[in-house]
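Student: I have a new protein to look at and would like to learn how to read it. Could we go through it together, one question at a time?

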Amino acid sequence: MAEVEQQVAYERDATNPDLITLTNVRNFDWRTDKDATEHWETRTIDLSKLSGVDVTNSYWMGPLIAHTLVSFRFEDDRPLAFSFEIRKENGESFSALAGFFRRYELSLIAAEERDIIYTRSNARGEQVYLFPISNLQQHEVRSLFESYLTAMDELNTKPAWYNTLTSNCTNIIFYMARIVSGDRLPWDYRIWVSGWLPNYLYDVGMLDSAPEKQNQPWSMDTWYERTHINPKSMGFNNLHSIANSREFSRQIRQDIPIPLLADSQSSAEAQAKSAAQSSHE
């Protein structure tokens, strides 16, 4: 099908390894769930400017089953989203049962959020929630991004099968993240019940416990209320432009605390402390 026809690939700048040029970044103009203008683009990102990670869950089959995407934020650029998906052929539909039996090829899509999130929240009418991940360090975010580059290399060298239980959109991300963060992400049954992934992240301390710097932390119900994308994206003018890509990403993060990376937080606090001391002196 058109939305999974191309495979993302990349090249690293020979003189600056932080500069990564990705080809076949998807940026479709979705009008309905079946009607879109295709755009496959080339985009260069700077790994030294990575500023955080967000996890998006899109519910399309009740509260237990969700599709999971990961977005990387940058200091001076719009986010870039990644999604492990099945490479459906024309006329083919997804079946969780068939996914146990090597029916679908696995695909990795890199995309603008204006495409890959909008199509779920607006074109398909799925219920979509975006969760910013807290307590991460710069090297962890970079390592997680690098693991996506490794996945690109592997899938472009040797195709792999999607598996409903062992190689789906959620637990592949977990395997990759666990390589980065180790025991901070303990094994848990919710890795296989994708709809409960946000609750797992909350319980292991990966969602800010008190995002408004108050004594009363957000409950999980509050997290779901504040991170619900659909009311924020309703009626969004999804014209094809970089400005609109930036605006969509900004709009869906309204009323959500965006945490600094742990080392960035320490640096910011140190600078503030130094400035206060200089002012006092």
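This is a predicted model: local features need pLDDT of at least 70, side-chain atom pairs count only at pLDDT 80 or more; totals for chains, interfaces and linings use all residues.

Student: Where is D255 found in the chain?
Tutor: D255 has a positive phi of about 65°, although it is not a glycine. To place D255, look between two helices, α8 (242-251) and α9 (262-280). D255 is found in the loop between α8 and α9.

Student: Which residues does Q137 touch, not counting residues up to four places away in sequence?
Tutor: Q137 also lies in the loop between β10 and α3, and at 34% relative accessibility it counts as partly exposed. Leaving out residues up to four places away in sequence, Q137 touches L261, A262 and D263.

Student: How many helices and strands are there in the protein chain?
Tutor: Let's step back to the whole chain. The protein chain has 281 residues, and 48% of them count as buried. Its elements are nine helices and ten strands.

Student: Of the contacts between residues at least 6 apart in sequence, what percentage join residues at least 24 apart?
Tutor: A contact here means heavy atoms within 4.5 Å. Take the contacts in the protein chain between residues at least 6 apart in sequence, and ask which of them join residues at least 24 apart. That share is 66%.

Student: What is the mean pLDDT of the protein chain?
Tutor: This value tells us about the predictor's confidence in each residue. In this chain, 78% of the residues reach 70 or more, and the mean pLDDT is 82.

Student: How many contacts does the stretch of residues 94-102 have in the model, beyond near neighbours in sequence?
Tutor: Over residues 94-102 the pLDDT is below 50. The pLDDT is also below 50 over residues 266-281, a stretch with one contact beyond near neighbours in sequence. For residues 94-102, the number of such contacts is 17.

Student: Which residues touch the most other members of the largest nonpolar core?
Tutor: This core has 45 residues. Helix α3 (residues 138-157) gives the most to it, with eight residues. The residues that touch the most other members are F72, F82, L108 and F145.

Student: How many residues are in the second, separate core?
Tutor: Among the members of this second core are W30, A111, F248 and I256.

Student: Are the planes of F28 and W40 stacked or edge-to-face?
Tutor: The ring centres of F28 and W40 are 5.3 Å apart, with 80° between the planes. Planes over 60 degrees apart count as edge-to-face, so this pair is edge-to-face.

Student: Why does the pair of F28 and W40 tie together parts of the chain?
Tutor: F28 lies in the loop between β2 (19-26) and β3 (29-30), whereas W40 is in strand β5 (residues 40-46). F28 is buried at 1% relative accessible area, while W40 is partly exposed at 22%. The pair therefore ties together parts that are twelve residues apart in sequence.

Student: Which residue has its charged end over the ring of F28?
Tutor: Stay with the ring of F28 and look for a charge over it. The charged end sits 5.5 Å from the ring centre, and the residue is R26.

Student: Which residues do ring pairs link into a cluster?
Tutor: The count of aromatic pairs comes to 15. Some ring pairs join up, and the cluster they make is Y59, Y129, F131, W218, W223 and Y224.

Student: Last one: how far apart are the C-alpha atoms of D221 and N199?
Tutor: D221 has its place in helix α6 (residues 220-227), and it is exposed, with a relative accessible area of 63%. D221 and N199 are 22 residues apart along the chain, and their C-alpha atoms are separated by 9.8 Å.

Methods
Residues are numbered from 1 along each chain as its sequence is written. Side-chain values use heavy atoms; hydrogens and water are left out. Helices (H or I, at least four residues) and strands (E, at least two) are DSSP runs, numbered from the N terminus. Buried means under 20% relative accessible area, exposed over 50%, partly exposed in between (1.4 Å probe, protein chains only). pLDDT is the predictor's confidence in each residue, from 0 to 100. Rings of Phe, Tyr and Trp (its six-membered ring) pair if their centres lie within 6.5 Å; planes under 30 degrees apart count as stacked, over 60 as edge-to-face and the rest as tilted. A charge sits over a ring if NZ of Lys or CZ of Arg is within 6 Å of the ring centre and within 35 degrees of the ring normal. A nonpolar core is a set of buried Ala, Val, Leu, Ile, Met, Phe, Trp, Tyr and Cys residues joined through side-chain atoms within 4.5 Å.
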